[in-house]
Amino acid sequence: GAYTLLQVADSRTFQFFGTLVNRVETSEKLVALTFDDGPDPVQTPRILALLEQYQVKATFCVVGAQVERHPEIVRQIVAAGHTLCNHTWDHSLVIGRAEARDIEADLARTTDAIRRAVPDAQIPFFRAPGGNFTDRLVQVAYAGGMPSLYWDVDPRDWERKPDEDGAKHVEKVIADVQKFVKPGAIVLSHDFNQPDTVEAYQ
């Protein structure tokens, strides 16, 4: 089955190691699905419907600017029982090089946007765009109450090679997840402008 990280965290076999998490220590057949870069006005509702169909919970790593554009979708994510993760204001791939005060301001701006959409929202994790974590970035996020969330399965659903049509890309995403997934895996996917991701999970 697939569970949110918080659901797995409540299980007896769960352990966190340090402030950056890239998998869940468990012997049970559990994986955590994560979706990055949204909310997307088209693809996120499709993913939410699919998750609802199979009674699966996931973690959505949301970008502040997208949250500001589509607060109603953030409300849908939370109402469906999924977990939120701070994914910076504008998906900066170099935020880890910034001064600590600038990182703190960016993450706070994102958190504020989320809480304007959902005032009592819990935001238990932070994920760096591109996985570009630095010690400073991890420390600032952790000081703000957010352990950093990495992954250990990346099917690169956002990257379609020139010779791949939609069907081939979907097959590749499915094959990569099936090949690398194991108990406790954190699977990286994307809901922003990625219709092939939805097809792969169907």
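**Ground rules.** Residues are numbered from 1 along each chain as its sequence is written, and side-chain values use heavy atoms, without hydrogens and water. As the model is predicted, local features need pLDDT of at least 70, side-chain atom pairs count only at pLDDT 80 or more, and totals for chains, interfaces and linings use all residues.

**Helix α6.** I looked up α6, residues 135-143 (helices are DSSP runs of H or I, at least four residues, and strands are runs of E, at least two, numbered from the N terminus). I found L137, V138, V140 and A141 buried (under 20% relative accessible area; exposed is over 50%, partly exposed in between, with a 1.4 Å probe and protein chains only). Down the axis of α6, the buried residues fall within an arc of 165°, so they line one face (the arc is taken from the directions from helix axis to C-beta atoms). D135, Q139 and A143 are exposed on the other side.

What do the buried residues of α6 pack against? I noted β1 (20-21), α5 (100-117), β5 (125-126) and β6 (148-149), with contact meaning heavy atoms within 4.5 Å. Just after α6, G145 has a positive phi of about 90°.

**Rings.** I found four aromatic pairs (Phe, Tyr or Trp rings, the six-membered one for Trp, with centres within 6.5 Å; planes under 30 degrees apart are stacked, over 60 edge-to-face, the rest tilted). F126 and F133 have ring centres 6.2 Å apart and planes at 85°, so this pair is edge-to-face. Y150 and W151, with centres 4.2 Å apart and planes at 15°, are stacked. Ring pairs link F126, F133, Y150 and W151 into a cluster.
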